[in-house]
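I opened this model to look up its pocket, its sheets and the helices packed on them. My entries follow in the order in which I made them.

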Amino acid sequence: MNPWLKYGGGFVGAIMVAFGIVRAMATPPEDPVQAKADFDAYMRRVRGQPANKAFTGGDQGWVDLKLESVEELSHNTKKLRFALPNKDDVSGLQVASALLTKYKGPEMEKPVIRPYTPTSDEDARGHVDFVIKRYPNGPMSEHMHSMEPPQRLDFKGPIPKYPWEANKHDHICLIAGGTGITPMYQLCRAIFNNPSDKTKVTLVFGNVTEEDILLKHEFEDLENKYPQRFRAFYMLDKPPEGWMQGTGYINRELLKQVLPEPKVENIKILVCGPPGLYKAISGPKKSPQDQGDLAGLLKDLGYAKDQVYKF
């Protein structure tokens, strides 16, 4: 689209674009390289061009991002926002995919590398968000919890997981534990942000305490907006007094009650969580590229290997 038409056409459009250029150049930049990148991004938006992708995979290598802000969500969970290299960048992630993080402490022989799924929208510009739960003796989660703006961290990706397209399945069932909820939220966000996607979603989410339920407010919003298409079931090891949902671990009885039967066509069950959850629900993966055999409760309930995906 002609940039003058995009902003109203003729003289008015010219004035608006010119004003943006003058404003961008009015203050001498502290970092000329960054200023040029921001200006180029601004002009891409004016011309209606697609945003630059911060992460392109392949041989791109590691990209260090600056921590922009930290929000404390609970006693052991924080939301970290990292600035992308340019203010107009998008992350470049697809649904479902993740980013690798890398950190090497002063006394570490080798760096620790861990995958994390962002909780921000894929088309969010200028930043990428992560909800990070701190685990005892978890070197990456402990390091990320210790970070303060404007410290930096290395990222790499995207790491593709389960590729999604609208209406790929009639019904998907998400079984998660702890921080295994983040790729599930990524899928839910893509489904319910797309008016043409009519997929039904059932979530089964296990945690220790009610405070440990990550993104609970976001899932409650989905239940309120889409009561015929989204249902969430929570299991707690240590429920508070008056807790109205399940207690203990995710079990056979609950799954049999809330999941569609194995004979139902075009369903998919997706599993993500700590090793104990995989062992009990689906069996572990052999490697990132090998899903391994189906085992656990899902096999006992009669589901086939091709009906299940392990993140």
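I sorted the lining of the largest pocket by class and found 16 nonpolar, nine polar and four charged residues, where Ala, Val, Leu, Ile, Met, Phe, Trp, Tyr, Cys and Pro count as nonpolar, Asp, Glu, Lys and Arg as charged, and the others, Gly among them, as polar. This is a predicted model, in which local features need pLDDT of at least 70 and side-chain atom pairs count only at pLDDT 80 or more, while totals for chains, interfaces and linings use all residues. Residues are numbered from 1 along each chain as its sequence is written, and side-chain values use heavy atoms, with hydrogens and water left out.

The volume of the largest pocket is about 880 Å³; a pocket here is an open set of points on a 1 Å grid over the protein atoms alone, where a 1.4 Å probe fits, with protein on both sides within 12 Å along at least five of seven lines, and lining residues have an atom within 4 Å of a point. Of the 29 lining residues, Arg 114, Pro 115, Thr 179, Cys 272 and Gly 273 lie nearest the centre of the largest pocket. I noted that β5 gives the most to this lining, with four residues (strands are DSSP E runs of at least two residues, helices H or I runs of at least four, numbered from the N terminus).

Entry 2, the antiparallel sheet. I traced an open sheet of six strands in the order β4-β3-β6-β1-β2-β5, with antiparallel pairing (two strands pair if DSSP finds at least two bridges between them). Its edge strands, β4 and β5, each pair on one side only. Five bridges join β3 to β4, and Tyr 103 has Val 112 in β4 as its bridge partner.

Which residues of α4 are buried? I found Met 140, Ser 141, His 143, Met 144 and His 145 to be so, buried meaning under 20% relative accessible area with a 1.4 Å probe, protein chains only. These buried residues pack against β2, β3, β4, β5 and β6, contact being heavy atoms within 4.5 Å.

Six bridges join β7 to β11, and His 171 stands opposite Ile 267 in β11.

Note on methods: Buried < 20%, exposed > 50% of the residue type's maximum accessible area, 1.4 Å probe, protein only. Points joined across faces, edges and corners; volume = space filled by probe spheres on them.
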